[in-house]
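Okay, thanks for coming, everyone. Let me put the model up on the screen, and then we'll walk through a few spots together.

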Amino acid sequence: RTATEFNTGHIKNALQADWTNKTQFTDRVQYIDKDKPVYVYCLVGGRSAAAADWMRNNGFKNVIELSGGINAWKKAEKPLEGSSNQPQMTLEEYQKSIPTTGTVLVDVGATWCPPCVKMEPILQDLIADKKNEFIFIKIDAGVHTNLLKELNIEPIPVFIIYKNGIE
């Protein structure tokens, strides 16, 4: 599903990879264990069927498709996660959040992004290591989509380092 579709609600613990964007799709699925079961779904089942076939042809051993897609899931009144009422951060608010001195690490990521999930333990190790002196700012790409457009950033994963503030 596209990021926009995904952000309207998704199955718990789902990761997002847009089949219609082949570069993004292949990049994101490379982080998924090919030996573990993978459940695939889209809106009604067409895109996920094509994605599932591609995955099977590229070494994924157990790909299961959700028959009828997310529409069938909703019709069965199954739970969804991910739609947010959190207000969007503006570019001005973002720029004000960057201190004028020191080093700042900005993580633009989302819980539904396979590379971001894989990077999270590394980020946590960096944050926990007291030898590293930086301020950490996390931007949820699933929520702050308008900000990403203004910054011209593809949603996921992006790390920005500022030294002595933002220019």
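For the cut-offs, buried is under 20% relative accessible area, exposed is over 50%, and partly exposed is in between, with a 1.4 Å probe and protein chains only.

Quick housekeeping before I go on. This is a predicted model, so local features need pLDDT of at least 70, side-chain atom pairs count only at pLDDT 80 or more, and totals for chains, interfaces and linings use all residues. Residues are numbered from 1 along each chain as its sequence is written, and side-chain values use heavy atoms, with hydrogens and water left out.

Back to Glu77. You'll find Glu77 in the loop between helix H4 (69-75) and helix H5 (91-97). When I say helix or strand, I mean DSSP runs numbered from the N terminus: helices are H or I with at least four residues, strands are E with at least two. The backbone of Glu77 has a phi near 60 degrees, a positive value in a residue other than glycine. Asn13 sits in the loop between H1 and H2, and with a relative accessible area of 68% it is exposed.

Now the sheet. We have an open sheet of three strands, in the order E4-E3-E5, with mixed pairing. Strand E4 (135-140) and strand E5 (158-163) are the edge strands, each pairing on one side only. On average, neighbouring strands here are turned by 20 degrees against each other, direction ignored. Pairing, by the way, requires that DSSP finds at least two bridges between two strands. As a reminder, strands of a sheet pair through backbone hydrogen bonds, either parallel or antiparallel.

Which way does each pair run? E3 and E4 are parallel, over six bridges, and in E4 the bridge partner of Val104 is Ile135. Strand E3 (residues 103-109) and E5 run antiparallel, also joined by six bridges. In that pairing, Thr103 stands opposite Lys163 in E5, and Val106 faces Ile160 of E5. Six of the seven residues of E3 are buried, so E3 is largely enclosed by the rest of the structure.

What lies across the sheet? That's helix H6 (residues 114-128), which lies across E3, E4 and E5 and runs at about 160 degrees to E3. The axes are lines fitted to C-alpha atoms, for helices over the stretch in contact, and angles run from 0 to 180 degrees between N-to-C directions. Contact here means heavy atoms within 4.5 Å. The buried residues of H6 are Pro114, Pro115, Cys116 and Leu123, and they pack against helix H2 (22-29), E3, E4 and E5.

I like the length check on H6. At 1.5 Å a residue, its 15 residues should span 21 Å, and the end C-alpha atoms are 22 Å apart, which agrees. The expected span is 1.5 Å times one less than the number of residues. There's also a kink of about 35 degrees at Glu120 in H6, shortly before the proline Pro121. That bend is the angle between axes fitted to the seven residues ending there and the seven starting there.

Over to the other helices. Trp54 is in helix H3 and is partly exposed, at 26% relative accessible area. Leaving aside neighbours within four places in sequence, Trp54 is in contact with Trp19, Phe25, Thr26, Val29 and Phe60. Take Thr26: it is 28 residues from Trp54 in sequence, with the C-alpha atoms 9.7 Å apart. Ala50 is also in helix H3 (residues 46-57), and Ala50 is partly exposed too, at 30%. Ala50 and Lys138 are 88 residues apart in sequence and 34 Å apart in space, C-alpha to C-alpha.

Last stop, Glu5, in helix H1 (residues 3-6). Why does Glu5 count as buried? Because its relative accessibility is 19%. Its side chain reaches the backbone nitrogen of Thr2 at 2.8 Å. Not counting residues up to four places away in sequence, Glu5 touches Leu43 and Arg47.

Okay, over to you.

Key:
Polar contact = N/O pair within 3.5 Å; in protein donor to acceptor, adjacent residues only side chain to side chain.
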